[in-house]
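Subject: Structure handover

Dear colleague,

My notes on it follow.

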Amino acid sequence: MVQQALTIAGSDSTGGAGIQADLKTFEEFGVFGFSTITSIVTMDATKGWQHQVHSIDGAIIKAQFLSAIASKNIAAVKTGMLGNAENAELVAELLSYYQFSHIVIDPVIACKGTANILQPDVVQQLKYKLMPLASITTPNLVEAGILAEIGDITNIQQMKYAAKQIASLGAKQVVIKGGHRLTTQEQACDLYYDGSDFHLLRASKIQKETNHGAGCTFSAALTAALALNFTYEQAVKIAKDFVHQAITDGLSINPYVGHVWHGAYFATQNRKERLQNAK
Ligand code: PXL
């Protein structure tokens with residue numbers, strides 16, 4: 001039986017982040033993906049790629065969720081952009097009522113270090129309704145600073161403090177995606193807190209800007225690996241390698257933003273060659 005995973009997130013019509021990143025990533029792992037769309041993000045090419053978030057009606061979110069979970073066999077769930085506070089509260093209610101073994105909360109508050117998708121009204125729901133449900137949560141540096149109420153995070157010590165603060169909100173495990181933003185480090189540094197110990201995950205910095213969708217792709221890869229029964233520590237490591245390759249082989253899809261390539265880790269190149277040879 002193919003393992004199954006559900007993403008509850010926003011739609012990124014450019015295909016790099018959000019639901020699109022999640023489903024593409026699940027498929028790469030051979031995991032069957034279900035989705036519940038909470039919001040639709042559009043980008044305006046005539047206005048400097050300005051983002052707009054269009055939230056979906058709560059009743060439609062619930063109906064999608066119930067359609068998805070009818071399989072009764074979902075091994076892992078992840079949440080991404082929730083759209084607004086009301087929808088975030090609804091998602092928390094649904095997740096606590098219909099229990100799941102692995103819940104990955106990607107606390108999407110800010111988008112890629114810019115303020116162009118800031119969802120401050122979602123923060124309270126994330127802290128007090130979703131974190132207590134999280135098997136693991138995957139904030140980036142900006143989100144970790146907001147959730148832990150410590151503002152800018154610039155070093156590993158602050159990352160550790162933030163991870164503990166976020167765990168005190170109820171998340172069982174925390175991985176803070178420091179990535180390229182941790183400028184004091186030579187390397188891209190993520191911090192994994194398993195509830196008792198810290199693990200630093202280092203990787204060489206990638207000199208490329210093709211990182212649109214990196215955050216969503218990381219948490220989707222983590223979710224897929226959990227659905228496949230890897231341990232949390234293994235799943236975090238796999239997710240980091242997956243996203244590292246996705247950025248390294250990233251694509252300049254449009255003139256505005258560089259996308260990660262979700263197919264990179266599993267060497268889609270070989271798949272293409274094989275298909276060519278089969279002709
Ligand atoms: O990367 C944050 C993010 C999450 N979800 C959706 C997005 C974005 C950024 O553009 O569009 C749907």
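To begin with helix 4: helix 3, strand 5 and helix 5 (141-147) are among the elements that cover its buried residues, where contact means heavy atoms within 4.5 Å. Those buried residues, in helix 4 (residues 120-130), are V122, V123, Q125, L126, K127 and L130. Buried means under 20% relative accessible area, exposed over 50%, and partly exposed in between (1.4 Å probe, protein chains only). Helices (H or I, at least four residues) and strands (E, at least two) are DSSP runs, numbered from the N terminus.

Two points on the source. This is a predicted model, in which local features need pLDDT of at least 70 and side-chain atom pairs count only at pLDDT 80 or more, while totals for chains, interfaces and linings use all residues. Residues are numbered from 1 along each chain as its sequence is written, and side-chain values use heavy atoms, with hydrogens and water left out.

E89 is placed in helix 3 and is in contact with Q125 and K129, leaving aside its neighbours within four places in sequence. At 30% relative accessibility, E89 counts as partly exposed.

Two strands pair if DSSP finds at least two bridges between them.

- Strand 4 (residues 74-79) runs parallel to strand 5, and four bridges join them; V77 has I103 of strand 5 as its bridge partner.
- Strand 6 (residues 136-137) and strand 7 (residues 173-176) are also parallel, with two bridges; the partner of I136 in strand 7 is Q173.
- Strand 8 (residues 187-193) and strand 9 (residues 198-204) are antiparallel over seven bridges; Y193 is bridged to F198 in strand 9.

Strand 5 is covered on both faces: H102 and V104 on one side, and I103 and I105 on the other, are all buried. In a regular strand the side chains alternate between the two faces of the sheet.

Strand 8 and strand 9 form a hairpin with four residues between them, and G195 in the turn has a positive phi of about 105 degrees. R202 is found in strand 9 and counts as partly exposed at 44% relative accessibility. The C-alpha atoms of R202 and S39 are 33 Å apart, and the two residues are 163 residues apart in sequence.

Some loop residues come next. S101 sits in the loop between helix 3 (85-97) and strand 5 (102-105) and is exposed, with a relative accessible area of 58%. Not counting residues up to four places away in sequence, S101 touches A75, S135 and Y232. Its C-alpha atom is 15 Å from that of M131, which is 30 residues away along the chain.

Which residues other than glycine have a positive phi? W49 is one of them, at about 65 degrees, and N229 is another, at about 70 degrees. Most residues other than glycine have a negative phi, and most peptide bonds are trans. W49 lies in the loop between strand 2 (32-44) and strand 3 (50-55) and is buried at 14% relative accessibility. A search of the whole structure finds zero disulfides, a disulfide being a pair of cysteine sulfur atoms within 2.5 Å. C189 is buried, with a relative accessible area of 0%, and C216 is buried as well, at 15%.

Regards
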